[in-house]
Amino acid sequence: MGPPASPASAAPPPPLHLVDASLYVFRAWHSMPDEFRDAHGWPTNAVHGFARFLLDLLERERPRHIAIAFDEALDSCFRHRIYPAYKANREPAPEELRRQFAHCKALCAALGLEVLAHHEYEADDLIGTALQRARPAGFRGIIVSADKDLSQLLDGHDEQWDYARNQRWGAAGVKARHGVHAHQIADYLALTGDAVDNIPGVGGVGAKTAAVLLAHFGNLDTLLARVDEVAFLRLRGAAQVAVRLREQREHALLWRQLTTIACDAPLGYDGAAAMRGQADPEMLDALVASLRFGPMTRRRLRAAAGLEQE
C-alpha cells in the first residue's frame, strides 16, 4: 500500500453547473441564420442555437447537478422598484424571441434539467442563491457565463466559464481580468457604472480610478467613510474625484444595491443542489416535432435525455 493521499491530491468538491441561459439564447438569436421555422411558421433560430450549446455542454461535462437560469424579470425585478430606470435602455424583446425563450425553457424541462426563473429576481440572483445553498453541502459552482457581474459570486473552488471562448477562471483570476478582487465586483460596478444595465455610476470615476480606490480602501463603505483621504492619493484628478464621491454618496450606495447579486431568491427545488431529473419523452418528442429539429439533433437530444444510446 502506498502512502495516504495528501489533502492537495484529494478530489475537488463535486460541481454544480449553473447556466446563465439568456446570454446563450440572445447569442443564438443574433448569430444563427433566420431560416429555421416551427410548424406554425415562427422563427426558431434562437432555440436551435441554444439547443446546440446545451447539448455540447451536456455531452462534454455530463453533469449530475445542473440548473439553467432564465431572466423572467425583464421589467418586474425588485431592482426596478429601487430604480425605475434600471435597464430602461433596453428594447423589449420582440414576440418572435419571447416565444423562443419559452421553447428553450420547455426543452430544458423535457431533458430533466432544473429550470430557474422568477418574476422578481434575475438569473444572476437565482444562480447566486443556488450556489449559496449548495456550498455548505460541499459543492463548488461552475457558472457558465461570460458576464462579469457573476464573478462577484466566486469563492473557494468555484469557477466561471466563458463557454464561447472556452476560458475558465476562479476567484483568484478575477483581478487579472477586471483589476479588482471577486468580492469587490459589486462595489466596482457601483463606482464605474454599468451601461448594459443603465446604471450611471459615479461621475468621472472610470475603471482605473475605481480599481485604485478599491485597492486602497478595500470596499465602498470604507471609501465613503474616509473620503477626505482621496484627495491625497496618487491618482489623476484626485481632488475632483473626492468632490464627486461626496456629492454622489447616496447614488453610489443606490448603485451598489443594483449591482449586488441577491442570494435570497426562491428556488423551485428542495435539497442542497439541483439534480438532473428524469426526462419527459412525450414532451421532448412533441418539441422536436413542433420545432422541426433534424434527425441528428433529435438523436442527440434523446441520448442526452437517456432515452437511447449515443
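Me: Which residues does Leu 191 touch, not counting residues up to four places away in sequence?

Reply: In this predicted model, local features need pLDDT of at least 70, side-chain atom pairs count only at pLDDT 80 or more, and totals for chains, interfaces and linings use all residues. Residues are numbered from 1 along each chain as its sequence is written, and side-chain values use heavy atoms, with hydrogens and water left out. Leu 191 touches Gly 201, Val 202, Val 205, Ala 210, Leu 214, Leu 220, Leu 223 and Leu 245, where contact means heavy atoms within 4.5 Å.

Me: What makes a set of residues a nonpolar core?

Reply: The set must consist of buried Ala, Val, Leu, Ile, Met, Phe, Trp, Tyr and Cys residues joined through side-chain atoms within 4.5 Å. The largest such core has 60 residues, and Leu 191 is among those with the most contacts inside it. Elements giving two or more residues to this core include β1 (15–20), α5 (123–134) and α7 (185–192); the largest share, six residues, comes from α5.

Me: How do you know whether Arg 62 is buried or exposed?

Reply: The relative accessible area of Arg 62 is 54%, therefore Arg 62 is exposed. Arg 62 lies in the loop between α2 (45–61) and β2, and its phi is near 45°, a positive value in a residue other than glycine.

Methods. Buried means under 20% relative accessible area, exposed over 50%, partly exposed in between (1.4 Å probe, protein chains only). Helices (H or I, at least four residues) and strands (E, at least two) are DSSP runs, numbered from the N terminus.
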